[in-house]
Amino acid sequence: MSHVKNRPLSPEQLDAFGAELDAIQQTALQDVGDVDARYIRRVLKTVRYSEVIGRALLYFSFFPPAWILGTLVLGISKILDNMELGHNVMHGQYDFMNDPALNGKTFEWDIAGTSDNWRQSHNYLHHTYTNIKGMDADIGYGLLRLFPEQRWRPFYLLQPIWAFLLAVLFQWGVAIQELELGKVFSGRKSKAVIKKELEPVLKKARYQLLKDYVFFPLLGGPMFFAVLSGNLTANLMRNLWTYMIIFCGHFTADAEVFPKSIMEKEGRGHWYLRQLRGSSNLRGGKIFHILSGNLSHQIEHHLFPTVPARRYAELSVKVQEVCKKYGQNYNSGSLPSQFGQVLYRIFRHALPSKPSSAVPAMGV
Amino acid sequence: MSLQTSKQSFSKRALASLIGPDGYDFWAREFGTTAAWQRCFARVLCVERNGCNSLSIHLRPNKNFAGFQAGQHINVTAEIEGRRLTRSYSLSNTANSAMNLEITVRHDPQGKMSGHLHTAIKVGSVLEISQAFGGMSLPSGPECENPALLLAAGSGISPLMGLLRQRCETKTCPPTTLLYWDYDDAHFCFKDELNQLCANNPQLHVHRLTTRSAAQADGRISEEQIKQLHGDCRDTMVYACGGSDFVEAARALLSTQARDFTAEAFTPPATTANSEVQQQIAIQLNRSGRTITVSNQESLLDALEAQGIAVESGCRMGICNTCSCQKLQGSTTNQFSGEQNNATNSSIRLCISRANGPLQLDL
Ligand code: FES
């Protein structure tokens, strides 16, 4: 289907395509400055204040609306911390400020996965090898078969259940993704290695569990269970939200996967094209974009991962023009439509399926 | 006292384990204090205009500041147009006032930081500072009675002022001469205080020398001048501070004959190398204490790896930020955008950066 939507490009066209996107990135980076600094400070402030307000409200849970409101505020705070703050800061988007509290290399976020593992599996592997089968572990997270190019096994028959569990426990999935436990079971990773890798993961997990399910509930005294359940619900809210945004960014109907061979002699234009064809956008309002960490502009994020995300909406206009000029599909849709396509993939490829053509056409 | 601090650090630790060190710093600032988990922040206590185109700023650091010795410097960091900028300033007061730091900032029309400090800093403002550093301090014990010759050029007066004040704090100031060069009369700082100190301390001699005065210039540092104004330097501890030309001239004249010679030059301005021309450049790796030489034609990541230094890296194309590292000093060019980065303490991506001149990296 996608092959009809995308025009194959000659090497010269690919170079020109890459140069145009480079120029868009350059202009944006040159303009980066105090507006972006002020923005991310405001986001940080919102995260900190909403967390305190949410947690404080939970201590008044003997009055049920306070529980509901507290949970909601805390959930939104966690979503913001995860998406617009943590994810974007860790990409180094705000390194230009030279603020140690907003440095991409050292920032630590409020989810079970360690930031260090995320910087490796997401910033490096996923963003360099986007949608290359066998290189980008985000394709199905080692658990799901979302593309006909992945080999079918009977395990996948129950994948709607696996997908549901992954959504509910998403932060824990992220936490262990980097460990590649499959390799341990199949004996391709030694006990000593996994022991060493587990150390920081367990430390972070223990801290997260103690914080949300022991310390803060204990501070609530008689409200112990109300606070605990509020925290649990807020974490669940964040898990479901991030799962949905991330899956919609890469597993819609037109999203493509690529074989490893595609990396041979891959130039800059080609790399851009792969990012474009592996990503999909979500339409929505301003608040929706902020809560999704602007990953609703997944295409722009994949093209320009180090540009402050608040600029993606503006850049998307220019990117769409370039896509039109070069006959490339700009995959964008509403949340219900894109998520519907994700669900379709989850159900469809639980059963055996065949790719329509072996290698998606990139160049001519 | 010790009980109190251990109690304090316990509650601090308990709080930080719940909200994290960054959370701790954030809330401390929201509540208007300069407290911090680890970093040093300082509040501006007063700002004095010295009438010599410069400003004395008095700062009260938070408890994380470990103290200093007269003649040392601190790094001052302020946010200007969304970017945090860092510059070194000498402390011009004495260590007796560890909770009061005085820096003197001359207004440089081209300098972003001095412009910011001159216009935007008010009583109550908060700046981030580093711990004190630098080795230009007076000896302790009986040696401090030795005669001293202080040579200051321009803003070089700031750390020497600290040394001078320290010498005058003892009952009788030991023999001390200050030679202080600047463009013309209007540029000299600390005039009243120096006059006052001279009146109180018969063994202290201060000479102001102009280099560009319209009326009559005294000229630059020379042997005769020192002979005439101070005399023989054999028993003298000499301290010199100023631009690098000045310091080198002083070193050539005095380093062999003086009893001790201690000098500090301001950091030279970032050099803008011609990137076309192949050059060998020295890179200092501060954490490992190594210095290596690399070519300005290759990316820093390639260059470091070629020398057998393992650096974290990923995509090698500037997108994943894995190779980002703190550049403490020097100038680099972003190979991808051609943009130059001359800021101290700023984060660069090694895989797409080239050195323009000597660098210090936090590696
Ligand atoms: S190695 Fe990825 S940004 Fe340098």
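**Figure 1. A salt bridge of Glu108(A) in the predicted model.** Glu108(A) counts as partly exposed, at 40% relative accessibility. The model shown here and in the other views is predicted. Glu108(A) pairs with Lys204(A) in a salt bridge, with 2.8 Å between the closest N and O atoms. Glu108(A) sits in the loop between helix 4 and helix 5 of chain A, and Lys204(A) in helix 9 (residues 191-219) of chain A, so the bridge ties together parts that are 96 residues apart in sequence. Lys204(A) is buried, at a relative accessible area of 9%. Side chains of opposite charge can pair when their charged atoms come close.

**Figure 2. Two further salt bridges, one in each chain.** Over all chains, the structure holds 32 salt bridges. In chain A, the side chains of Arg274(A) and Glu266(A) form a salt bridge, 2.8 Å from N to O. Arg274(A) has a relative accessible area of 0% and is therefore buried, whereas Glu266(A), at 22%, is partly exposed. In chain B, Glu248(B) and Arg251(B) form a salt bridge through their side chains, 3.4 Å from N to O. Because Glu248(B) and Arg251(B) are three residues apart in helix 6 (residues 244-254) of chain B, about one helical turn separates them. Glu248(B) is partly exposed at 43% relative accessibility, and Arg251(B) is partly exposed at 33%. Elsewhere, salt bridges with shared partners join Arg41(A), Asp99(A), Arg39(B), Glu79(B), Arg84(B) and Glu128(B) into one network.

**Figure 3. The contact between chain B and chain A.** The contact takes 41 residues from chain A and 34 residues from chain B. The two chains bury about 3100 Å² between them, and 52% of this is on carbon and sulfur atoms. On the side of chain B, Leu18(B), Ile319(B) and Phe336(B) lose the most area to chain A, together 21% of what that side buries. Three salt bridges are found across the interface. The side chains of Arg41(A) and Glu79(B) meet in a salt bridge, with 2.6 Å from N to O. Between the chains, twelve residue pairs are in polar contact. The elements of chain B that give two or more residues to the side touching chain A are helix 1, strand 4 (83-90), strand 14 (324-329) and strand 17 (346-349). Helix 1 of chain B provides the largest share of that side, nine residues.

**Figure 4. The largest nonpolar core.** This core has 50 residues, of which Ile40(A), Leu85(A), Phe170(A), Tyr243(A) and Phe247(A) touch the most other members. Among the elements that give two or more residues to the core are helix 3 (34-58), helix 4 (64-90) and helix 10 (224-250) of chain A, and also helix 1 (2-30) of chain B. Helix 10 of chain A gives the most, seven residues. Not counting residues up to four places away in sequence, Phe170(A) touches Tyr141(A), Asn239(A), Thr242(A), Tyr243(A), Ile246(A) and Phe247(A). Another core, of 30 residues, lies apart from this one and includes Phe258(A), Ile299(A), Tyr312(A) and Val319(A).

**Figure 5. Two residues with positive phi.** Most residues other than glycine have a negative phi. Tyr141(A) has a positive phi, near 50 degrees. Tyr141(A) lies in the loop between helix 5 (115-128) and helix 6 of chain A, and at 16% relative accessibility Tyr141(A) counts as buried. Asn345(B) also has a positive phi, near 50 degrees. Asn345(B) lies in the loop between strand 16 (340-341) and strand 17 of chain B, and counts as partly exposed at 23% relative accessibility.

**Figure 6. His289(A) and its surroundings.** His289(A) belongs to helix 12 of chain A. At a relative accessible area of 13%, His289(A) is buried. Leaving aside neighbours within four places in sequence, His289(A) is in contact with Leu282(A), Arg283(A), Gly284(A), Asn294(A), Ser296(A) and His297(A).

**Figure 7. Helix 2 of chain B.** In this helix (residues 112-120), the buried residues are Met113(B), Ser114(B), Gly115(B), His116(B), Leu117(B) and His118(B). Their cover includes strand 1 (40-49), strand 2 (54-61), strand 3 (73-80), strand 4, strand 5 (101-106) and strand 6 (126-129) of chain B.

Figure 8. An unreviewed UniProt entry lists residues 65-332 of chain A as "domain: Fatty acid desaturase". In the model, this span is 58% helix and 1% strand, and its end C-alpha atoms lie 38 Å apart. UniProt also lists residues 57-80, 161-181 and 213-234 of chain A as "transmembrane region" (unreviewed entry). Residues 161-181 are 81% helix, with end C-alpha atoms 20 Å apart. Residues 213-234 are 82% helix, with end C-alpha atoms 12 Å apart.

Key:
Residues are numbered from 1 along each chain as its sequence is written. Chains are lettered from A and ligands numbered from 1 in the order in which they are written. This is a predicted model: local features need pLDDT of at least 70, side-chain atom pairs count only at pLDDT 80 or more; totals for chains, interfaces and linings use all residues. Side-chain values use heavy atoms; hydrogens and water are left out. UniProt positions are given in the numbering used here, feature names are shortened, and annotations may be inferred rather than shown by experiment. Helices (H or I, at least four residues) and strands (E, at least two) are DSSP runs, numbered from the N terminus. A nonpolar core is a set of buried Ala, Val, Leu, Ile, Met, Phe, Trp, Tyr and Cys residues joined through side-chain atoms within 4.5 Å. Buried means under 20% relative accessible area, exposed over 50%, partly exposed in between (1.4 Å probe, protein chains only). Contact means heavy atoms within 4.5 Å. Buried area is the accessible area (1.4 Å probe) that two parts lose on being put together, summed over both. A salt bridge is a side-chain nitrogen of Lys or Arg within 4 Å of a carboxyl oxygen of Asp or Glu. A polar contact is a pair of N or O atoms within 3.5 Å; within protein, one must be able to donate a hydrogen and the other to accept it, and residues adjacent in sequence count only if both atoms are side-chain atoms.
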